[in-house]
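Subject: Structure handover

Hello,

Here is the structure I promised to pass on. Please open it first, then read my notes below.

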Amino acid sequence: MGDPRNPKRAHERWNLERLRACEAEVRALAPWVTVSGGWAWHFMAPPHEELKRFHDHKDVDLFVEPARFPELIAVLTARGYHRIWTRFDATSTHFYRYARHDEGGKVLLDVFVRRVPSVDAGGIRVVDPATLLTFYGDIHSTDDCVSVLAARRLLAKGHSPLGRVELVTAR
C-alpha cells in the first residue's frame, strides 16, 4: 500500500543496513506470517545485488491468518513495534501498519489479516507467485519492477519463478 516508486531512482541500491534490519525481522516473524510484495520476490530470487528496480523494499508486507493475528500482535509488541495509523484505516478492517525505529533503522510492517496461498522460498513462507501478481494495482503498487515483470513472463510460459535469475536480471 506504499506510494509508487520514483523511476529516477530505479538504478540505485537499497540501504544495506536497513535491508539487514528488515530481513532479520522477516526471519524472526516467519513462524506467524506469509511474506508478500518486494520481500516475497527477494526471497524467491537467487542471491543478488539489491537494486531498487528489482523489487520494492520500502516496507515489509505480511499476511497473517485471522486466528494467528492475536499471537502476531503479542510478538510485535514484544519486539518493540507500535501501531501507525494510515489513510486506509477508515476503510479497512484487515490492514494494520506497525513500525519500529532503532539503531538498525526504521522497519515498517504492513500486516494484512487474511489467509493466502503460499509456497516455501528457502525456509520463508511467501505468497504463491500467481496469487501475488494479482495483488498489484490493489495491495501493492510497484507493478513495473523487474521481478514482477519477469514473474508474469515466466508464469505465462508455465514456469515457476522460484529461484529464477530472471527475477533480478534487467532485460
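Helices (H or I, at least four residues) and strands (E, at least two) are DSSP runs, numbered from the N terminus. On that basis, the order of elements along the sequence is α-β-α-β-α-β-β-β-β-β-α-α. That comes to 5 helices and 7 strands.

Two notes on the source. This is a predicted model, in which local features need pLDDT of at least 70 and side-chain atom pairs count only at pLDDT 80 or more, while totals for chains, interfaces and linings use all residues. Residues are numbered from 1 along each chain as its sequence is written, and side-chain values use heavy atoms, with hydrogens and water left out.

The chain as a whole

The chain has 171 residues, and 49% of them count as buried. Buried means under 20% relative accessible area, exposed means over 50%, and partly exposed is in between (1.4 Å probe, protein chains only). The accessible surface is about 8500 Å². Carbon and sulfur atoms hold 54% of that surface. These areas come from the Shrake-Rupley method with a 1.4 Å probe, and for residues only the protein chains shown count as cover.

Contact means heavy atoms within 4.5 Å. Take the contacts in the chain with a separation of 6 or more: 64% of them are between residues 24 or more positions apart.

The strands

Two strands pair if DSSP finds at least two bridges between them. Start with β5, residues 105-113. Of its 9 residues, 7 are buried, so β5 is largely enclosed by the rest of the structure. β5 pairs with β2 (residues 60-64) in the parallel sense, over 5 bridges. Val60 has Leu109 of β5 as its bridge partner. β5 also pairs with β4 (residues 95-102), this time antiparallel, through 8 bridges. There, Tyr96 stands opposite Val111 of β5.

Phe63 belongs to β2. Its relative accessible area is 2%, so Phe63 is buried. Phe63 and Thr34 are 29 residues apart in sequence, yet their C-alpha atoms are 5.0 Å apart in space. β2 also pairs antiparallel with β1 (residues 34-36), through 3 bridges. Ser36 has Asp61 of β2 as its bridge partner.

Further along is a hairpin. β6 (residues 118-121) and β7 (residues 124-127) run antiparallel and are joined by 4 bridges. Ala121 stands opposite Ile124 of β7. The hairpin has 2 residues between its strands, and Gly122 takes a positive phi near 65 degrees.

The helices

α1 (residues 16-29) and α2 (residues 37-44) pack at an angle of about 85 degrees, and their axes are 12 Å apart. Axes are lines fitted to C-alpha atoms, for helices over the stretch in contact, and angles run from 0 to 180 degrees between N-to-C directions. α1 and α2 are therefore roughly perpendicular to each other. The class covers 65 to 115 degrees; under 35 is roughly parallel, over 145 roughly antiparallel, and the rest oblique.

Which residues meet there? From α1 come Leu19, Cys22, Glu23, Val26 and Arg27. From α2 come Trp39, His42 and Phe43. By class, the contact has 5 nonpolar, 1 polar and 2 charged residues. Ala, Val, Leu, Ile, Met, Phe, Trp, Tyr, Cys and Pro count as nonpolar, Asp, Glu, Lys and Arg as charged, and the others, Gly among them, as polar.

α2 is mostly covered, with 8 of its 8 residues buried. Among them are Trp39, Trp41 and Met44.

In α5 (residues 146-156), the buried residues include Val146, Val148, Ala151 and Leu154. Their cover includes α2 and α4 (129-134). Gly158 follows α5, with a positive phi near 85 degrees.

Finally, Leu132 lies in α4. Leu132 counts as buried, at 0% relative accessibility. Leu132 and Ser36 are 96 residues apart along the chain, and 6.9 Å separates their C-alpha atoms.

Best wishes
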